[in-house]
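Here is a friendly walk through one protein model, written for someone meeting it now. Have the sequence and the 3D view open, and follow along section by section.

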Amino acid sequence: MLASIPFSVEAMSKCSLTVLVVFAATGLVIAWLNHRLRRAQEAQRTTAETAMAGAERLDAILDTTVDGIIVIDARGTIEAFNRGAEELFGYPEHEVLSRNVSLLIPSPDHEQHDEYLARYIATGNARIIGSGREVTGRRRDGSLFPVHLSVGEMRIGGERKFTGMLHDLTRRARLASELGASEARWRAIVDSAVDGIVAIDTHGRVEAFNPAAERLFGYTAAEVCGHNVDMLMPSPYREEHDGYLSRYMATGRAKIIGSGREVQGRRKDGSTFLLHLSVGEMTIDGERKFTGILHDLTDRVQMEGRLAEQAALAKLGEMAAVVAHEVKNPLAGIRGAVQIFASRPGGGANSQILSEIVSRIDALDQMMKDLLLFARPPQPRYAPTDLVPLVTTTASLLTQDPAIRDVDIVVEGTAPPLPADAEMLRIVFHNLLINGAHAMHGKGQIRVAVEAGDSMCQIAFTDAGPGIPTELRDKIFTPFFTTKSRGSGLGLPTAKRLIEAHKGLLVIDCPPAGGTTIVVHLPTARA
């Protein structure tokens, strides 16, 4: 028994050591687990704090952003409504949460929104989700305003959500409206301007061409815009313009830009006219542009011409009065003496010479009469005048002249009597018929067509002659210009003066087929 005691003590010692080791290991495990738990708790606390800080930052961002932010679920129910949205729509957040977002939408989109959202959920066919566009919002007070809406889609906890970003476009819309009104106002000013306005770029291409410019040049804006402005200039300015513009762009030395001067314009039909051009320079979006203001000087030139003509006629009238007094009477005496010599018997060859002298004196006397008639300021004595009988009577008297007895004068049309000086019109009609007969060398037909209008009556004299050469048409109303071997050159100028004294017009047309038509326009009532 004593022998077994050491064994038991040794066994107990080994058992105690094992328990001690197990206990120590258990303590270490518990300590390690406690350490891990504390770290996990600290990490969780840190994560929670970070998440909370992030959420607070996100809330701060959402609440301080100027634009509205709205979050809805798949049924259109509002789940978030930031301060920007509150300011946009006038609703506090608590009034819209859990309500349908369509309350912020005016008709007809108000009634269609839920259907559109349901269709998108079912089909995935998006009209605005994933993009943006301009829409109309409705405030709490019922007023409408323009907004830009961009919609994004997200999933939270497996549920689909939609976020709308809304930017107020009220100020932009107002500015656009004001800009549009300003542009319309300036456009109306430019379009209603009496003077032509043409804008070009630095290459000379036309960018604007107002209605007055269309009337000036005979081109439409569509025919001119995009083309070089030199199409509106005659030579040599047409060929020089681009070089001048390039030189100005390179050197800054201007000849007309910033000032104005008189220049020649060229119409669509090739005719030229005098105009005053003033050019200004401007910059639009960093690009230099030039604006030309064009004032038609045709009326001024015509007025100057009329004033010069009146001054010349006044001088001519003074001269004609002197000539009539100093020359006409002695001519009558010379003619009488020559006739006496010619009537003596036995004159022979001298009689023919004396007859020619009388003929020349008569021609000179007629020229004196024409000169006096032309130089005297016409003062019509108005009385109701029937034009058709007046033309017919004048034609009948002319056909008694042996030189034009083979001319057939046909008078057509009717017109009511109009206020006019019959004697002055007789002189005009006589002159026009004589000119037509001479153009046909005394043979052919002259048609006279009388036609009455509302305010004007026209009498057209058409002959079958060769017409008037183009180079002579601008000269035919010039006093003393004539293409006849014998003639004073005062017939047409006198006719023109007498018709203008009636506030009428005398217009000449030469068709390409030949012949000449002279149309007399007379007002049907006194001006």
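Two strands count as a pair if DSSP finds at least two bridges between them. Keep that in mind for what follows, and remember too that this is a predicted model.

## A five-stranded sheet

Let's start with the sheet. In what order do its five strands sit? They run β2-β1-β5-β4-β3, forming an open sheet with antiparallel pairing. At the edges you'll find β2 (78–81) and β3 (132–138), each of which pairs on one side only. Going from one strand to the next, the twist averages 35 degrees.

There's also a helix to look for here. Helix α4 (residues 109–123) lies across β1, β3, β4 (144–156) and β5 (159–168). Compared with the direction of β5, helix α4 runs at about 135 degrees.

## Pair by pair through the sheet

Strand β1 (residues 68–73) is joined to β2 by three bridges, and the two run antiparallel. To find your place in the 3D view, look for isoleucine 70, which stands opposite phenylalanine 81 in β2.

Next come β4 and β5, which run antiparallel and are joined by 10 bridges. Within this pairing, leucine 149 has leucine 166 in β5 as its bridge partner. These strands form a hairpin too, with two residues between them. Which residue in that turn has a positive phi? That's glycine 157, at about 60 degrees.

## A salt-bridge network on the strands

How many salt bridges does a search of the whole structure find? The count is 16. One of them joins lysine 161 to glutamate 79, with the closest N and O atoms 2.8 Å apart. This pair links distant parts of the chain, since lysine 161 sits in strand β5 and glutamate 79 in strand β2, 82 residues apart.

Lysine 161 also meets glutamate 159 in a salt bridge, at 3.1 Å from N to O. Put together, Glu79, Glu159 and Lys161 are linked in a network of salt bridges. Is lysine 161 buried or exposed? Lysine 161 counts as buried because its relative accessibility is 6%, and the cut-off for buried is under 20%. Its two partners are another story: glutamate 79 is partly exposed, with a relative accessible area of 38%, and glutamate 159 is partly exposed as well, at 47%.

Move on to the later part of the chain. Strand β12 (residues 406–414) and strand β14 (residues 443–452) pair over nine bridges, and this pairing is parallel. A handy landmark is isoleucine 409, whose bridge partner in β14 is isoleucine 446. Strand β14 is also joined to strand β15 (residues 456–463) by six bridges, and those two run antiparallel. Glutamate 451 has glutamine 458 as its bridge partner in β15. There are three residues between β14 and β15, which form a hairpin.

While you're in this region, check out helix α12 (residues 422–439), which holds both arginine 426 and glutamate 423. They are three residues apart, about one turn of the helix. The two form a salt bridge, with their closest N and O atoms 3.6 Å apart. Arginine 426 is partly exposed, with a relative accessible area of 26%.

## A nonpolar patch on the surface

Finish near the start of the sequence. Which residues form a nonpolar patch on the surface? Val29, Trp32 and Leu33 do, and together they have about 320 Å² of accessible area.

Tryptophan 32 belongs to helix α1 (residues 5–64). Why does tryptophan 32 count as exposed? Its relative accessibility is 52%, and exposed means over 50%.

Terms used: Residues are numbered from 1 along each chain as its sequence is written. This is a predicted model: local features need pLDDT of at least 70, side-chain atom pairs count only at pLDDT 80 or more; totals for chains, interfaces and linings use all residues. Side-chain values use heavy atoms; hydrogens and water are left out. Patches are made of residues with over 30% relative accessible area and no salt bridge: like charges are joined within 9 Å, nonpolar side chains (Val, Leu, Ile, Met, Phe, Trp, Tyr) within 5 Å. Accessible areas come from the Shrake-Rupley method with a 1.4 Å probe; for residues, only the protein chains shown count as cover. A salt bridge is a side-chain nitrogen of Lys or Arg within 4 Å of a carboxyl oxygen of Asp or Glu. Helices (H or I, at least four residues) and strands (E, at least two) are DSSP runs, numbered from the N terminus. Buried means under 20% relative accessible area, exposed over 50%, partly exposed in between (1.4 Å probe, protein chains only). Axes are lines fitted to C-alpha atoms, for helices over the stretch in contact, and angles run from 0 to 180 degrees between N-to-C directions. Contact means heavy atoms within 4.5 Å.
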